[in-house]
Amino acid sequence: MNGSTGTHDHEALLRRAARELREMRLRLEALERERSEPVAVVGMGCRFPGGADSPEAFWELLREGRDAITEVPPERWDAAALYDPDLSLPYSVNTRWGGFVEGIDGFDPEFFGVPRREAAAMDPQQRLVLEVAWEALERAGIAPDGLAGSLTGVFVGICGWDYASLMAEPPARGGTGIAASIAANRVSYALDLAGPSMVVDTACSSSLVAVDLACQSLRSRGCDLALAGGVNAVLSPWWVVSLSQAGMMASDGRCKTFDERADGYVRGEGCGIVVLKRLSDALRDGDEVLATIRGSAVRQDGRSNGLTAPSGPAQEGLLREALRRAGVAPGEVGYVEAHGTGTALGDAIEAGPLRRVLSEGRAPDSPCRVGSVKTNIGHLEAAAGIAGLIKAVLALRHEEVPPHLHLQRLSPKVELGDTLRIPTAPAPWPRGERPRYAGVSSFGFGGTLAHVVLEEGPLPAEATPEEQDARGEHVLPLSARSGPALRELAGRWAAALGEGVP
């Protein structure tokens, strides 16, 4: 009797242990799925040089291979007075060029409920982030004013303080106008968001690091929706002076990435924001998925040849880690948006790890294309990474890699091998039986590196003939918070629809 009872107790313990092990395994599998779930890009907004004030305008600029660099506008500073090609004079610059956004001094404070007195003391970077975040949400089909109380996170890369340097004395309420942290906090405040809200400063990798943090927050359920990106404004000559004296500025004002003439970069300004969701949530909500972020990684150069000197081994480790997290084989990547500032040292060091890593398992007839948006719009510093990411998403969507500019003769220090190709004309990149993948790199001059791996989004669903017939004609309701704003909005819609204003 006792032996029989002992046997039954032992069997029950074994069954319970097996059940608990199964449950634990299922929980671990669910946790792993959450930690590695792709993140969907469901909306994008941008304000970049060359009139690229929307993703459509940005794509047109890229595909046409336009150079958006211009001479410094006179309202920014007197470029001629500071210009000295030999840098023989103190406080001189060797460049008169930059990538500038038109109307960066304009803002509609009433729209965002900002008092005019406070708006007058706001850094244009804060204004750009507010405007572009709102536009990105609308493009995602999300009503911004319907997010109150939601776990929506805001992650903004920012590293410039040109506006503060222009102030002779702090204006009234100037603290909130120039504090970097407020660039993200203003969005959260204006929309009454409850998710994490922060700025990131890792110099030129800031916005891509912000994207990585946003993905981590989504996967850990810290937020359910995320706005991520970066901003930069070129308002003062003092940073150009410093970079010129350090030998970092291109004398002709062009980023000649991978070219033998590469002699530095040109500064640019602008803002880019992407709207992110967990892929499962985006599919549940019926969102249009522009692309998915399969994985990302952030690393540091460590002790290289100098604080600002890049490290090839660190970049190689970064690429491998991002691909591992994405579950993507190196040979599957079809395009990489390089950091590509246009410095002889940096270009050569970046090309080496790309060639070594992406050659693994790659078919001989399937080279990976590589380019840099900096050849079009300059180096947007804190917003450089998000500009590259938006470019890569657009290339996936349009099934084409836009041309890389200013490449006349490849630098002898840059070795592409059979793995990498630099397109100097639009290159078709059609969908196939296997998904297409793109990588985006961004490196901070203090050594913080970031890389994001993107996968193509599904084809947009086409309306059936029955659905098209059922649509008929509709009234397009427009609203704004003032008469002039309403007229401007109507004019933009009329232009977009190819009709004249009534």
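A: Begin with contact, which means heavy atoms within 4.5 Å. Leaving aside residues up to four places away in sequence, S311 touches D301, S304 and I349. This is a predicted model, in which local features need pLDDT of at least 70 and side-chain atom pairs count only at pLDDT 80 or more, while totals for chains, interfaces and linings use all residues. Residues are numbered from 1 along each chain as its sequence is written, and side-chain values use heavy atoms, with hydrogens and water left out.

Q: Where does S311 lie, and is S311 buried or exposed?
A: Buried means under 20% relative accessible area, exposed over 50%, and partly exposed in between (1.4 Å probe, protein chains only). S311 has 12% relative accessibility and therefore counts as buried. S311 lies in the loop between β8 and α12 (312–326). Such labels refer to DSSP runs numbered from the N terminus: helices are H or I with at least four residues, strands are E with at least two.

Q: How do I read a nonpolar core?
A: In soluble globular proteins, nonpolar side chains tend to be buried together. A nonpolar core here is a set of buried Ala, Val, Leu, Ile, Met, Phe, Trp, Tyr and Cys residues joined through side-chain atoms within 4.5 Å. The largest one has 50 residues, and F58, L276 and L389 touch the most other members. Helix α15 (residues 384–398) supplies the largest share of this core, 9 residues. A second, separate core has 39 residues, including I104, V129, Y163 and L225.

Q: Which residues does F58 touch?
A: Not counting residues up to four places away in sequence, F58 touches C46, F48, A52, V373, I377, A387, I390, K391 and L394.

Q: What about nonpolar residues on the surface?
A: Patches are made of residues with over 30% relative accessible area and no salt bridge; like charges are joined within 9 Å, and nonpolar side chains (Val, Leu, Ile, Met, Phe, Trp, Tyr) within 5 Å. Accessible areas come from the Shrake-Rupley method with a 1.4 Å probe, and for residues only the protein chains shown count as cover. L476, L478, L486, W493 and L497 form one nonpolar patch, with about 430 Å² of accessible area together. W493 is in helix α17 (residues 483–496), and its relative accessible area of 37% makes it partly exposed.

Q: How many disulfides are there?
A: A disulfide is a covalent bond between the sulfur atoms of two cysteines. The test applied is a pair of cysteine sulfur atoms within 2.5 Å, and the count comes to 0. The sulfur of C223 is too far for a bond, because the closest cysteine sulfur, in C215, is 9.3 Å away. C271 is in no disulfide either, the nearest cysteine sulfur being that of C46 at 9.0 Å. C223 is buried at 0% relative accessibility, and C271 is buried with a relative accessible area of 0%.

Q: How many salt bridges does a search of the whole structure find?
A: A salt bridge is a side-chain nitrogen of Lys or Arg within 4 Å of a carboxyl oxygen of Asp or Glu. The search finds 34. In one of them, the side chains of E131 and R47 meet at 3.3 Å, N to O. E131 lies in helix α5 (residues 124–139) and R47 in strand β1 (residues 39–47), so this pair ties together parts 84 residues apart in sequence. Both E131 and R47 are buried.

Q: Which residue forms a salt bridge with R294?
A: The partner is E455, with the closest N and O atoms 2.7 Å apart. R294 is in strand β8 (residues 291–300) and E455 in strand β15 (residues 448–456), so the link spans distant parts of the chain, 161 residues apart. R294 and E455 are both buried. Elsewhere, D224, K277, R278, D281, R284, D285 and D287 are linked in a network of salt bridges.

Q: Which residues other than glycine have a positive phi?
A: Among them is D192, with phi near 60°. D192 lies in the loop between α8 (182–191) and β5 (197–200) and is partly exposed at 47% relative accessibility. Another is E381, with a phi of about 50°. E381 is in the loop between α14 (374–377) and α15, and is buried with a relative accessible area of 4%.
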